[in-house]
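The sequence and the structure are shown first, and the description follows.

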Amino acid sequence: LNNGCVACKREVSSMLALLSLNHENKFDLARSDEMKEFMCLLKVDDAHCISLLCRCIGSICEVNELHPHVLNFFPLDDLPRLTADPKVIKEVARCYANLCSNFDHHTSIVTPVMIKNLIAL
């Protein structure tokens, strides 16, 4: 992930998105310490890569009990800069929507920064 190969980063993001489609994998991914490492892919200057990673996170967020894990590694405050591409906007909105489905986490999710981010979408 530290090399400059955008194609490699796209493949890693694609792999994560595909893995997250399986219910059991969502738990493994969300609870993995390595997910914080994968968040570096959000800094890649490649909308396709970012979109795929957000798709993975959105899939994990389909399981309410995994939301606390996601909130530990997914940088909600950094999302406005990810919204230039329509594919990224769609996947970021899906992440927010799935996170908002769990009322227990509204206080940690619904913040002034998140409201600002939603308006930016």
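What pattern does the chain follow when read along the sequence? Read in that direction, the pattern is α-α-α-α-α-α-α-α. The secondary structure comes to 8 helices and 0 strands, where helices (H or I, at least four residues) and strands (E, at least two) are DSSP runs numbered from the N terminus.

The model is predicted, so local features need pLDDT of at least 70 and side-chain atom pairs count only at pLDDT 80 or more, whereas totals for chains, interfaces and linings use all residues. Residues are numbered from 1 along each chain as its sequence is written, and side-chain values use heavy atoms, with hydrogens and water left out.

**Overall form**

The C-alpha atoms fill a box of roughly 40 × 30 × 20 Å along the principal axes. Of the 121 residues, 41% count as buried (under 20% relative accessible area; exposed is over 50% and partly exposed lies in between, with a 1.4 Å probe and protein chains only). Among contacts (heavy atoms within 4.5 Å) with a separation of 6 or more, 71% are between residues 24 or more positions apart.

**Helix 6**

Helix 6 has 15 residues and reaches 21 Å from its first C-alpha to its last, close to the 21 Å expected at 1.5 Å a residue (1.5 Å times one less than the number of residues). Its two sides are set out below.

| Residues of helix 6 | State |
|---|---|
| Val 88, Glu 91, Val 92, Cys 95, Tyr 96, Asn 98, Leu 99 | buried |
| Pro 86, Lys 87, Lys 90 | exposed, on the other side |

Asn 102 is buried, with a relative accessible area of 8%. Leaving aside neighbours within four places in sequence, Asn 102 is in contact with Asn 64 and His 67.

**The nonpolar core**

A nonpolar core is a set of buried Ala, Val, Leu, Ile, Met, Phe, Trp, Tyr and Cys residues joined through side-chain atoms within 4.5 Å. Of the 31 residues in the largest one, Met 35, Met 39, Ile 57, Ile 60, Val 70 and Phe 74 touch the most other members. Helix 4 gives the most to this core, with 7 residues.
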